[in-house]
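Subject: Structure handover, salt bridges

Hello,

Please find the structure below, for your files. My notes on the charged side chains follow it.

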Amino acid sequence: LWLCVSCQQGTVRAQVLLRFSYITTKTGSFVTAGAIPAVDLALAQINNRSDILPNYTLNYTDILDSQCDGEAAMDAFMQHFRKNFLSQEPEQPTYLTLRCCGCSTATIPVADFSHYWNIPMMAGVAGANELNDRRRFKNFFRTDVTGESVGPAVAQMARQFGWTQMAVVTQSESLFILITESLNSIFTAENRVLDTSATIEKDVASFPYHLLNWDGDYRIIFVNADVKFAYTVLCEAYYRGWR
């Protein structure tokens, strides 16, 4: 009986390094850098399996900060693009795609621009409805739900728990305004009451907290805002004893 456990005809192929560019929001109004450990875990599981990308190792480069700002995101993209995608160095690793750019505000301009070089772009938390336009954002993909799904989801919660009226605190940005408008339309059609008077215009420091003292019996308050703003409003509500 001849047994060869590790015999293989020909030479063993060396591992090929594949990289993706990684731009996220480390600073700014909507920080998404908390997803980095999850990305690292996913990469470790992929690279440890022989049935996914055999003979390849998947990784990313230094993580750049979009600051949840369109201009900063474009600067980070162009800096990385010139350094890596346009490099002629023979030992330069192959770059497959771009994971970018945190919030929708930072993602939209880069997605609007990167497809001219046929660079696939993937986002994890950019939920703006504007990004649904496949003719405009040809190489853009995302793994989260769009903003237009939030209103119907909240309305379904109201049906499930029998809520007939609700108040909403809305951050004055297009994504959150559209969510409130969608929710208001559903509530109106179903004869439910939605108070939309409380709005965060610029920052939480200037937010008129007296608007939270609604005259009606509003037991349910939906904070429709970025995490940074939502935390501050909720903490202030708790501090003032609004339960």
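Arginine 49 is partly exposed, at a relative accessible area of 46% (buried is under 20%, exposed over 50%, partly exposed in between; 1.4 Å probe, protein chains only). Its salt-bridge partner is aspartate 51, with 2.6 Å between the closest N and O atoms (a salt bridge is a side-chain nitrogen of Lys or Arg within 4 Å of a carboxyl oxygen of Asp or Glu). Aspartate 51 is exposed, with a relative accessible area of 53%.

On conventions: this is a predicted model, in which local features need pLDDT of at least 70 and side-chain atom pairs count only at pLDDT 80 or more, while totals for chains, interfaces and linings use all residues. Residues are numbered from 1 along each chain as its sequence is written, and side-chain values use heavy atoms, with hydrogens and water left out.

The search of the whole structure gives five salt bridges. Another of them joins aspartate 112 to arginine 136, at 2.9 Å from N to O. Aspartate 112 lies in helix H3 (residues 104–114) and arginine 136 in the loop between strand S5 (121–123) and strand S6 (140–142), so the pair ties together parts that are 24 residues apart in sequence. Helices (H or I, at least four residues) and strands (E, at least two) are DSSP runs, numbered from the N terminus.

Arginine 136 also meets glutamate 130 in a salt bridge, at 2.7 Å from N to O. Through shared partners, Asp112, Glu130 and Arg136 form one network. Relative accessible areas are 26% for aspartate 112, 38% for glutamate 130 and 29% for arginine 136.

Regards
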